[in-house]
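Good morning, colleagues. Please take a moment to look at the sequence and the model that I am about to show.

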Amino acid sequence: MGCRRHRSGRRRRERGNILRPAENFQSEHLKGHLGYWVVAVTDPAGGEENAGIFYVPADASGLEFSQPYEKMGFCYAEANTDIWFNDVRIPKRYRIDTEPGQGSKLIKGYVIGLGRLAGAARLTGLSEAVLETCMDWTQNRIIAGKPMRERSLFAATLAEMWRSIEVSRQYYLSITAQVTRPEMYGSPWEAQMKAKFSAARSLAGDTAMMVTNRAMQLMGSAGYAYESHIEKYMRDYKIVQMWLGGAERDRMDMAQGLFGPFKWAGDN
């Protein structure tokens, strides 16, 4: 579940009733939901040693949600809500990191870094689904007695779509293999690996954007209609391209791995 985090006492969003978390997970498909991973700073002074990851049970006293936001894509796959922690208390043992600085490494390497790599796989799969749909449609769309996809202009477009998907796939698989050899390539939280995770996601995001747009152009009104699902893939790819920092942050982290570290402009 995506969320916007609020501290207790902030003005609540006016979107209907406030939901207790346990009420959100009573359907047969969500029974047994265990709770949430929460990233928090333990000292207002900040610093990497004060970042931690905590387990919060779904039925924790004081945990509340707003009604889900209505959004462009992923409408049924996940919910994005405001979350309020009203004097929520958890046992000390629910903190995941156990050593100073470990929480920051887990967040950088596993939450953000591998999250972006997983996003690359997701985007590549989406692009593959779009290409397969487009291939089927252009085979059955006849222009002057020949399938559309056998006309040189359209064949070249399909070939470019496929080429980009293959490059995205081979790159994220290569980085996935490197993750299994930290002694050779580095730990997931190191700058050079974070740069590679970011490159995989940004490349796959650019591919998904190109492929969905090309498919829509090739299929015309058929691609624009709900029935073909191209319009859904066009809406869905965007959030994967943006989450965990977005395409611009991908590129900044790539630069950090290339010739960093450096401070962001405006930092003291």
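I begin with a definition: a residue is called buried under 20% relative accessible area, exposed over 50%, and partly exposed in between, with a 1.4 Å probe and protein chains only. What we are viewing is a predicted model, in which local features need pLDDT of at least 70, side-chain atom pairs count only at pLDDT 80 or more, and totals for chains, interfaces and linings use all residues. Residues are numbered from 1 along each chain as its sequence is written, and side-chain values use heavy atoms, with hydrogens and water left out.

Let me turn to the aromatic pairs. Rings of Phe, Tyr and Trp (its six-membered ring) pair if their centres lie within 6.5 Å; planes under 30 degrees apart count as stacked, over 60 as edge-to-face, and the rest as tilted. Five aromatic pairs are counted by this rule. In one of them, the ring centres of Tyr 110 and Trp 189 are 6.3 Å apart and the planes stand at 55 degrees, so this pair is tilted. It links distant parts of the chain, 79 residues apart: Tyr 110 belongs to helix 2, and Trp 189 to the loop between helix 4 (182–185) and helix 5. Helices here are DSSP runs of H or I with at least four residues, strands are runs of E with at least two, and both are numbered from the N terminus. Trp 189 is partly exposed, with a relative accessible area of 28%; Tyr 110, at 42%, is also partly exposed. Elsewhere, ring pairs join Trp 37, Tyr 55 and Tyr 94 into a cluster.

Next, the interior. A nonpolar core is a set of buried Ala, Val, Leu, Ile, Met, Phe, Trp, Tyr and Cys residues joined through side-chain atoms within 4.5 Å. The largest one has 27 residues, and Cys 134 and Met 161 have the most contacts inside it. Which helix supplies the largest share of this core? Helix 5 does, with ten residues. Apart from this core lies another, of eight residues, including Tyr 36 and Phe 65.

Finally, consider Ser 198, in helix 5 (residues 191–219). Its relative accessibility is 0%, and therefore Ser 198 counts as buried. A polar atom of its side chain lies 2.8 Å from the backbone oxygen of Lys 194. Beyond its neighbours within four places in sequence, Ser 198 is in contact (heavy atoms within 4.5 Å) with Arg 116, Asp 250, Asp 253 and Met 254.

Technical notes
Polar contact = N/O pair within 3.5 Å; in protein donor to acceptor, adjacent residues only side chain to side chain.
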